[in-house]
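Dear colleague,

I am handing over the structure below, together with some notes on what turned up in it. Please keep the structure open beside this message while you read.

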Amino acid sequence: MKSVQLKQELPEVSVSSVTKNQDQIVILGGVPLRGEVQVSGSKNSSLPILAASLLASRGQSVLHNVPSIADVDIMCKMISSLGAHVTREDHTVIIDASHLKTSVAPQKYVRQMRASFYVAAPLLARLHSAEVPLPGGCVLGTRPIDYHINAFRKMGAQITVERGAMLAKAERWEGAKVLLDHKNSSVGATVNIMMAACLAKGTTVIENAAREPEVINLGDFLNKMGGRVSGAGTSTITIEGVTELHGAEQEIYNDRIEAGTFIAAAIATHGDVRVRGLSPDHLPVFLEKYQEAGVSISTGEDWIQVQASSPYSGVDISTSPFPGFATDLQPLFLTTMCLAQSKSVIQETIYDGRFNYVPELLRMGADVDITDNTAIVHAVPKLGAAQVKSSDLRAGAALVIASLAAEGRSEISNVKYIDRGYEDLATKLQNLGAQVARQHLPTIDTEEVPQPGLKISHK
Ligand code: EPZ
């Protein structure tokens, strides 16, 4: 990742703790964000569509507006390891999956990124065989894949779990009626079953399907490949199996969670920002809740303008699947509510580990009480700058927002998590007037830990 320098010289950096070649983001907060920002392609649209390109037994797929983020890098390596020929030119990815060479997915990619499990469906659909390590849990929670496995079994796969991997063989591969859990309506299970069903014999119906925009984006791509998918975006998706799919061209939707990140950053800094490239329909409840808080939000067909110069009040939310309040936006929203004029109650219904970032906010002066899956956010007049550590992608984004609001110098480490889902976040924020720099901290030999105040220039 390229390093980004502040417009003004950073004060001297004394390395207080030995660091091992880590990146960090340094922010001099308290500056209202102003201007326009164009969001990049969606991580959560790109990953299933990249996996779905494996379904094409002839021709190339050409994907446009694919973001340059770490998770896309992992998925491109994953599909290449299975035999696909992948080339990337700027934000376009070209994939030829005519000749797959194995049905065994490498452990290293699945363990790094849960969405790598999406290759299970195309492997089963095309090769009737798949050996894919189980993704395992993460800081957000256990994150099982029972919905995926149960559906594959209904479609004819014999599945065992051995040595932490799913081993699946399918003598027959047929459509089935799949009823997903109504509470969670899993995005991952929905997209995996859609892909699996495209080459199954007969009809598959997914009830309680996830309705997120990325499901619609995938359905469009599968139909351009020669698939027969209807109902994507509704809670009932029907797929008529076909015998073969071919490569197709597809535009990736822009990232609604990245858009929400800039909206929350504008609000936390009392700024005035226009976020371009996203339909407000992709952020339904999120925008309404900020308007309820008293934030001025105007929208157009593909833009959202936030004017947040005046104080706003606390608002209660509860996360739920689309079109409800997205769990990925919860850390960003909670951070802004720390600086509201009144209390907020925030309930997280999707993941049991999604408040793991709050202790870092408390170190910045936030006042949040957590009981089970509910956070009571008491308003504080301001946050204080600090050295903080991100624990996952959206936790990192929340700490960036808090640091932009907090006067003084904050340092956010573990930037690798932010790189998973945000393309050039520091540059985009700098273009909105933020005093932000991304820095590579040198590896320091323990014998030479520098004395406080020693000036180290960062290149
Ligand atoms: C997708 O994850 C997103 N990732 C997540 O975004 C997002 O938080 C999540 O959907 C919910 O919206 C991608 O799209 C790549 P799930 P996914 O399967 O599909 C339960 C980010 O920050 N469940 O919808 O893996 C599960 O425990 C990431 O961009 C089962 O019980 O999530 C959870 O409670 C983080 N069994 C709920 O469903 C299953 O087999 C939602 O999980 C599958 C899921």
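Which residue lies over the face of tryptophan 303? In this model, which is a predicted one, the residue over that ring face is arginine 274, at a distance of 3.6 Å from the ring centre.

Aromatic rings also come together elsewhere in the model, for a search of the whole structure finds six aromatic pairs. If you select Phe286, Tyr290, Phe325 and Phe333, you will see a cluster whose members are linked by ring pairs.

The ligand deserves a careful look as well. It is surrounded by 24 residues, of which Arg114, Asp146, Ser186, Gly188 and Asp328 are the closest.

Some polar side chains can be followed to oxygen atoms of the ligand. Arginine 394 places a polar side-chain atom 2.9 Å from a ligand oxygen, while an N or O atom in the side chain of asparagine 44 is 3.1 Å from an oxygen atom of the ligand. For tyrosine 351, the distance between a side-chain N or O atom and an oxygen of the ligand is 3.2 Å. On its own the ligand has 820 Å² of accessible area, and the protein covers 90% of that area.

How values were computed: Residues are numbered from 1 along each chain as its sequence is written. This is a predicted model: local features need pLDDT of at least 70, side-chain atom pairs count only at pLDDT 80 or more; totals for chains, interfaces and linings use all residues. Side-chain values use heavy atoms; hydrogens and water are left out. A residue is near a molecule or strand if one of its heavy atoms lies within 4 Å of it. A polar contact is a pair of N or O atoms within 3.5 Å; within protein, one must be able to donate a hydrogen and the other to accept it, and residues adjacent in sequence count only if both atoms are side-chain atoms. Accessible areas come from the Shrake-Rupley method with a 1.4 Å probe; for residues, only the protein chains shown count as cover. Rings of Phe, Tyr and Trp (its six-membered ring) pair if their centres lie within 6.5 Å; planes under 30 degrees apart count as stacked, over 60 as edge-to-face and the rest as tilted. A charge sits over a ring if NZ of Lys or CZ of Arg is within 6 Å of the ring centre and within 35 degrees of the ring normal.
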